[in-house]
Amino acid sequence: MSGELTHSAMDRAGEARVRVYGDTAVFTARVTNTAHYAGRQFDADEWTTDVFVKRDGRWVCVLSHITPAVQP
C-alpha cells in the first residue's frame with residue numbers, strides 16, 4: 001500500500017495448470033520475479049497457486065499462495 005515494494009520483472013517459468021470445478025478454479029504455475037524493497041533487490045523462484053470463484057459472471061481471485069521453488 002505504501003508503494004515501497006515494487007516488481008521490475010515477473011515471468012512464468014514453464015506451463016501453467018488450470019483446473020475448473022464448477023464455479024471454482026485453481027491456477028498453479030512456477031514464476032520468477034525481481035522485487036525491490038527499501039533500496040534492495042530480491043530475486044525469487046516460486047510456485048504460485050491462485051483460487052478463483054465465479055461471482056456475477058466474473059472470475060474473482062479469492063486466495064493466493066506462494067511457496068519458494070526447490071532448486072534441483
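Me: Where does Leu 5 sit?
Reply: Leu 5 is placed in the segment before strand 1 (6-12); strands are DSSP runs of E, at least two residues, numbered from the N terminus. Keep in mind that this is a predicted model, where local features need pLDDT of at least 70, side-chain atom pairs count only at pLDDT 80 or more, and totals for chains, interfaces and linings use all residues. Residues are numbered from 1 along each chain as its sequence is written, and side-chain values use heavy atoms, with hydrogens and water left out.

Me: Is Leu 5 buried or exposed?
Reply: Exposed, with a relative accessible area of 53%. The cut-offs are under 20% for buried, over 50% for exposed and partly exposed in between (1.4 Å probe, protein chains only).

Me: How many helices and strands in the chain?
Reply: Zero helices (H or I runs of at least four residues in DSSP) and five strands. Along the sequence that reads β-β-β-β-β.

Me: And what's the radius of gyration?
Reply: The chain has 15 Å, while a compact globule of 72 residues would be near 11 Å. That's over C-alpha atoms, and the globule rule is 2.2 Å times the number of residues to the power 0.38. The C-alpha trace spans about 45 × 35 × 15 Å along its principal axes.

Me: What share of the residues counts as buried?
Reply: 17% of the 72 residues.
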